[in-house]
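Here is a friendly walk through a two-chain model. Have a look at the sequence and the structure first, and then we can go through the parts together.

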Amino acid sequence: MRVLIMAKEGNQSEAATPPTPEAMAAYQKFDEELVKAGVVLEAGRLHPSSQGKRVRFDGKKRTVIDGPFAETKELVAGYWLWQVRSIDEALEWLKRAPYDGGTFEIREVVEFEGM
Amino acid sequence: MRSSSSRACEGALAISPRNGGASADPGRREKAATDANRAIEAIWRIESARLIAGLARVVGDIGTAEELAQDALVAALEQWPSAGVPDRPGAWLMGTAKHRGIDMIRRRKTLERKHEEIGRDVERLQGGTDFDSATDDEFGDDLLGLIFMACHPVLSKEARVALTLRVLGGLTTEEIARAFLVPVSTIAQRIVRAKRTLAEAHVRFEVPGGAARVARLSSVLEVIYLIFNEGYSATAGKDWVRPALCEEALRLGRILAELTPSEPEVHGLVALMEIQASRLGARIGPSGEPVLLLDQDRARWDRLLIRRGLSALERAGSLGGALGPYALQAAIAACHARAATAAETDWPRMVALYDAAVQLAPSPVLELNRAVAVGMAFGPAAGLELVDALVHEPALDSYHLLPAVRGDLLRKLGRSEEARAEFERAASLTENVRERELLERRAADCAAEGITGRSPSDGVASRDRI
């Protein structure tokens with residue numbers, strides 16, 4: 001199955017200061033391990049929400065809202081698409097990630113509709 | 001020899017919760033035990049290949065290595081539900097397996113009164129790959145050694161496939177049997193015999209180099225593609241595709257590509273599987289029936305897998321492997337992937353690619369596929385001429401796609417009655433229920449056309465299959 005991991009890193013995701021070299025090295029090592037295990041299909045990081053936009057739909061009306069957005073805890077700072085055999089496998093991988101804050105959400109991607 | 005504990009552990013993985021209901025709060029305890037068991041199952045999937053690989057390098061044979069790894073798994077199933085999952089589960093499993101290994105060697109050797117050997121073997125086991133200090137390269141070499149061993153040419157194809165799924169995929173015997181629709185005992189025997197054959201042939205745990213590497217690698221690629229194909233067009237049963245097998249093969253391919261980044265054919269195979277897998281969702285109609293390539297809704301093709309496939313193909317090419325057998329097939333698959341609509345397919349390019357593939361490794365199945373491409377590029381009569389030359393080919397004697405392709409070309413030429421007979425013959429040759437239904441439907445269509453005299457070329461989408 002394919003799962004989307006949304007990294008909700010909390011205040012950190014909005015911070016202008018980049019992570020320390022040690023933290024970066026730890027992230028990279030974890031990423032490499034995932035790639036070597038054939039788990040990662042796709043990965044990416046997002047710019048701070050100050051550069052983002054939102055479009056709110058209300059019937060025919062569309063309202064554009066400029067970032068930054070207030071609810072920092074819910075803001076996605078990065079994502080992975082993983083190929084795993086179960087949600088439990090994704091959980092076990094995610095628990096090994098070298099993060100010390102934030103919430104990471106695992107959601108299964110709908111595939112093979114109609115099967 | 002398989003210990004009773006390893007059998008018990010497969011059961012334990014399959015049946016949960018264990019030991020629930022005995023405590024004062026059975027519900028909560030049961031849930032905790034179930035959660036722990038599910039975590040253990042997931043950890044086993046992640047760690048088992050590295051674990052078995054590390055052990056196999058030390059003890060020299062897969063059978064013993066797997067037995068030790070399974071013993072460690074049983075210990076985890078006994079201890080983790082109450083004690084909790086350790087911080088470094090892989091290191092825990094490896095440490096436990098090594099302890100069991102040392103005990104086992106002492107027991108065996110004491111029986112044989114070979115005391116001097118005990119010390120030496122125990123020393124090797126105490127050394128070996130240390131999970132805490134091992135570099136990724138060491139892990140990688142072990143894993144590669146295990147892949148080469150499980151896919152050793154001394155084993156039959158079936159044995160290689162079963163052993164690979166078992167020790168590299170971390171699948172249970174039951175799961176492998178279910179995937180291949182054969183009795184559990186058949187797979188169990190296949191694996192036991194494979195391990196015995198490897199031991200009797202004194203197959204060494206190694207990463208081969210030089211000329212041997214090419215042959216050994218090709219055996220590995222063959223196994224991975226066999227697993228993929230069994231999922232992609234199931235040879236038997238009622239399901240047309242079994243995506244789990246495709247995913248398993250893709251995972252093995254992706255791991256291998258990371259382990260051997262400079263091998264062009266590995267990237268070629270990965271490219272082929274990624275591109276073919278991109279169509280998995282589009283190959284099945286609403287009621288589970290097969291949908292042939294040119295009829296597929298291309299909006300349902302998985303763009304991510306196509307992109308991954310095209311970049312793997314590019315990588316194979318940049319390593320000088322554009323003309324490798326898998327890279328060529330991937331290039332052919334890429335012709336479809338690049339065409340926004342079926343009508344935009346570059347058929348002449350595909351014919352050229354098939355020419356190269358046939359030249360490289362002549363095979364009747366390739367010739368048949370080439371005939372389909374020729375039929376599309378230069379008209380059904382040209383295709384039929386090539387197919388007719390293959391009719392007496394012994395290798396295609398019971399291959400259902402030969403009459404299916406022939407029927408298709410005949411139908412396009414307006415020879416409905418002959419086409420119907422070919423589709424019926426094709427239907428009688430396939431063991432896949434879904435595919436048989438499709439072929440029977442096409443035979444019926446031809447019969448209807450024969451009566452009304454309607455030609456299939458007016459407005460009816462072409463239904464070739466490649």
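## The sheet of chain A

In β5(A), Trp80(A) is the bridge partner of Ile5(A). Strand β1 (residues 2-8) of chain A and strand β5 (residues 78-83) of chain A run antiparallel and are joined by six bridges. Strands here are DSSP runs of E with at least two residues, helices are runs of H or I with at least four residues, and both are numbered from the N terminus. Two strands pair if DSSP finds at least two bridges between them.

These strands belong to an open sheet of four strands in chain A, with the order β2-β5-β1-β6 and antiparallel pairing. At its edges are β2 (40-45) and β6 (103-108) of chain A, each of which pairs on one side only. On average, neighbouring strands of this sheet are turned by 15° against each other, direction ignored. Helix α2 (residues 87-95) of chain A lies across β1, β5 and β6 of chain A and runs at about 160° to β6(A). For such angles, axes are lines fitted to C-alpha atoms, for helices over the stretch in contact, and angles run from 0 to 180 degrees between N-to-C directions.

## About the model

This is a predicted model, in which local features need pLDDT of at least 70 and side-chain atom pairs count only at pLDDT 80 or more, while totals for chains, interfaces and linings use all residues. Residues are numbered from 1 along each chain as its sequence is written, and chains are lettered from A and ligands numbered from 1 in the order in which they are written.

## Chain A as a whole

Chain A has two helices and six strands, in the pattern β-α-β-β-β-β-α-β along the sequence. Its C-alpha trace spans about 45 × 45 × 20 Å along the principal axes. Of the 115 residues in chain A, 17% are buried (20 or more other C-beta atoms within 10 Å of the residue's own; exposed means 12 or fewer, and partly exposed in between, with C-beta atoms placed from the backbone).

One peptide bond deserves a look: the bond from Gly67(A) to Pro68(A) is cis, with omega near 0°. Pro68(A) sits in the loop between β4 (61-66) and β5 of chain A.

## Where the chains meet

How many residues does the contact take from chain B and from chain A? It takes 19 residues from chain B and 19 residues from chain A, where contact means that the C-beta atoms of two residues, placed from the backbone, lie within 7 Å. On the chain B side, α2 (26-59) and α11 (243-259) of chain B are the elements that give two or more residues. The largest share, seven residues, comes from α2(B).

By class, the chain B side divides into ten nonpolar, one polar and eight charged residues. Nonpolar covers Ala, Val, Leu, Ile, Met, Phe, Trp, Tyr, Cys and Pro, charged covers Asp, Glu, Lys and Arg, and the others, Gly among them, are polar.

## Two loop residues in chain B

Most residues other than glycine have a negative phi. Leu181(B), however, has a positive phi near 55°, and lies in the loop between α8 (173-180) and α9 (184-200) of chain B. Leu181(B) counts as partly exposed because it has 15 C-beta neighbours inside 10 Å.

His202(B) also has a positive phi, about 50°, and is found in the loop between α9 and α10 (210-232) of chain B. With 9 C-beta neighbours inside 10 Å, His202(B) counts as exposed.
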